[in-house]
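The structure is shown first, and the description follows it.

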Amino acid sequence: MAASSNKKLSLWSLTSLVVGSMIGAGIFSLPATFGRATGGFGAIIAWVIAGGGMLTLAFVFQTLAQRKPDLDSGVYIYAKTGFGDYAGFASAIGFWAGACIGSVSYFVLIKSTLGAFFPLFGDGNTLSAVLIASLILWSFHFMVLRGIKEAAAINTIATFAKVIPIFIFVIVLAFAFHTDTFALNFWGSQSLSGIGDLSHLDDYGYTGHAALEIGTASETLFSQVRSTMLVTVFVFVGIEGASVYSRYAKERKHVGIATVLGFIGVLCLLVLVTMLSYGVLLRPDLAALRQPSMAGVLEHIVGRWGAIFISIGLIISVMGAYLSWTLLAAEALYSAAKSNIMPQIFATENKRGVPSAAVWMSNIFIQLFLIVTLFTEYAFQLALELTSSLVLIPYLLVAAYGLKLAWTQETYAIDSAERKKDFIFALIATLYAILMVYAGGLKYILLSAVIYGPGTVLFIIAKREQKRSIFAPIEKCLFAVAIIAALAAVYSLATGIIAV
């Protein structure tokens with residue numbers, strides 16, 4: 001169904017969708033997450049890799065928006081057009097499941113935040129936490145059913161509200177920053193001797209400076225950086241927000257502009273939050289902070305009100321980002337159904353033009369995964385890393401399609417300089433996505449297959465609705481690999497080889 005004129009989104013609204021989708025739970029967890037993984041130097045390398053890789057992906061989205069303006073259904077349509085129906089389906093279901101599980105991570109972090117003040121919420125995976133999260137889930141569900149435009153307007157307001165606490169956090173840390181503390185944290189595994197005056201550390205409670213080393217001599221820089229990779233992917237999930245909603249854009253060119261602007265702004269905030277924290281707390285103390293660790297860092301500087309202030313900002317941030325991801329997940333199912341790679345029920349809309357069946361399916365899946373968190377020890381980390389692993393396949397296919405377009409010279413003039421530039425960007429983005437899949441490890445590849453393999457039943461239903469053959473020869477092989485990996489994951493979970 002074509003978007004009516006009163007549902008068209010401006011450049012600012014599209015940019016806020018990108019920013020709102022990316023700034024959610026991840027940024028508030030960065031100080032402890034990076035503190036556990038690496039020091040300042042490793043963090044710099046990680047952000048250069050992640051920032052460079054994701055920037056090239058943003059450029060690919062921008063290029064595809066300009067060169068393929070007819071492909072206005074989001075990330076999956078590029079995979080479908082470039083590599084066939086089953087690749088398009090895999091991209092759609094991967095993106096959809098990643099958005100849903102990402103929403104679960106938001107709920108877990110909200111309850112973990114409240115758990116610092118109300119112990120019954122624990123780390124966000126107690127029965128009380130899941131019950132309250134479920135109440136919020138279904139409250140948002142019925143709000144989304146009232147209309148896409150209304151929900152997008154609320155997201156714009158939430159985006160503005162949640163950036164303010166983050167800016168204040170950055171400003172306070174800039175004034176509290178100590179170069180000698182940063183120097184101690186720089187290499188990730190270090191001695192305290194010979195690094196300068198440490199007297200200010202006693203003001204923060206570091207008497208004796210005992211046990212201030214973290215890591216071991218065998219912890220290589222490569223392993224430190226690798227352990228941050230899925231986290232950096234997670235905080236950039238949402239970069240495709242404008243692309244998913246391209247059919248609502250007032251002007252097609254705004255899609256690419258919004259993607260790049262939103263990415264650059266968020267990247268700056270992510271780097272500042274990470275690097276400034278290394279100049280305030282030593283790495284063992286950063287690693288020991290409970291999530292959301294931004295609250296612990298600010299509390300260390302200004303007292304208890306700092307934790308309360310960040311906690312309020314986090315709740316606003318996460319609720320706004322959750323709304324964005326609910327919309328992104330439903331839109332992914334709806335658009336895929338309109339392109340005949342998902343069952344047609346997901347293409348149905350209510351009287352307000354909202355893809356209601358897709359919204360119901362998304363929130364039922366979120367509810368089921370919320371229940372799963374009751375049985376996981378590290379619910380937030382599981383949701384974060386599984387989300388990253390799931391969305392990497394759609395990102396890889398987008399980058400690969402951009403590479404294919406430049407390689408075949410489709411839509412380009414012969415020997416075009418622009419084609420060469422786009423080819424380089426797409427090649428870097430493709431290699432980056434492959435590197436991230438490798439960095440995530442076999443565990444999350446197998447867990448992702450539990451979604452991709454059995455989820456193929458939706459693809460089979462869609463093909464039977466159209467009375468078409470289900471798989472091309474190469475697609476049969478891909479499906480077989482997905483099923484084998486899914487069975488391996490189930491076996492590994494049942495025998496304890498994989499722990500969640």
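## An enclosed helix

Eight of the eight residues of helix α11 (residues 229–236) are buried, so this helix is largely enclosed by the rest of the structure. The buried residues of α11 are Met229, Leu230, Val231, Thr232, Val233, Phe234, Val235 and Phe236. Here buried means under 20% relative accessible area, exposed means over 50%, and partly exposed lies in between, with a 1.4 Å probe and protein chains only. Helices (H or I, at least four residues) and strands (E, at least two) are DSSP runs, numbered from the N terminus.

## Basis of the model

The model is predicted: local features need pLDDT of at least 70, and side-chain atom pairs count only at pLDDT 80 or more, whereas totals for chains, interfaces and linings use all residues. Residues are numbered from 1 along each chain as its sequence is written, and side-chain values use heavy atoms, with hydrogens and water left out.

## The chain as a whole

The chain holds 21 helices and zero strands. Of its 500 residues, 60% count as buried. The accessible surface comes to about 19200 Å², and carbon and sulfur atoms account for 70% of that area; accessible areas come from the Shrake-Rupley method with a 1.4 Å probe, and for residues only the protein chains shown count as cover.

Among the contacts in the chain with a separation of 6 or more, 81% are between residues 24 or more positions apart. A contact means heavy atoms within 4.5 Å.

## The nonpolar core

The largest nonpolar core contains 144 residues, of which Ile27, Leu30, Trp47, Trp96, Phe169, Phe236 and Met342 touch the most other members. Helix α5 gives the most to this core, with 18 residues. Such a core is a set of buried Ala, Val, Leu, Ile, Met, Phe, Trp, Tyr and Cys residues joined through side-chain atoms within 4.5 Å.

When residues up to four places away in sequence are not counted, Trp96 touches Ala329, Ala332, Leu333, Met361, Ser362 and Phe365. Phe236, another of the core members listed above, is also one of the buried residues of α11.

## The largest pocket

The largest pocket has a volume of about 450 Å³. Its lining consists of 17 residues, and those closest to the pocket centre are Ala90, Ile393, Tyr452, Val481 and Ala482. On a 1 Å grid over the protein atoms alone, a pocket is an open set of points where a 1.4 Å probe fits, with protein on both sides within 12 Å along at least five of seven lines; lining residues have an atom within 4 Å of a point. Grid points are joined across faces, edges and corners, and the volume is the space filled by probe spheres set on the points.

Helices α5 (85–115), α18 (379–408), α20 (442–465) and α21 (473–495) each supply at least two lining residues. The largest share, five residues, comes from α20. By class, the lining has 15 nonpolar, two polar and no charged residues; Ala, Val, Leu, Ile, Met, Phe, Trp, Tyr, Cys and Pro count as nonpolar, Asp, Glu, Lys and Arg as charged, and the others, Gly among them, as polar.

## Individual helix positions

Asp422 is found in helix α19 (residues 417–440) and is buried, with a relative accessible area of 6%. Beyond residues up to four places away in sequence, Asp422 touches Thr63, Arg67, Ala406 and Tyr412.

Gly52, in helix α3 (residues 40–67), counts as partly exposed at 32% relative accessibility. Gly52 and Ile428 are 376 residues apart in sequence, with 8.6 Å between their C-alpha atoms. Leu478, in helix α21, is partly exposed at 46% relative accessibility, and its C-alpha atom is 9.5 Å from that of Gly453, 25 residues apart in sequence.

## Loop positions

Most residues other than glycine have a negative phi. Asn340 has a positive phi near 70 degrees; this residue lies in the loop between α16 (304–338) and α17 (356–372) and is partly exposed, with a relative accessible area of 31%. Lys467, in the loop between α20 and α21, has a positive phi of about 55 degrees and counts as exposed at 76% relative accessibility.

Val280 is found in the loop between α13 (253–277) and α14 (283–288) and is buried, with a relative accessible area of 0%. The C-alpha atoms of Val280 and Asp180 are 9.6 Å apart, while the two residues are 100 residues apart along the chain.
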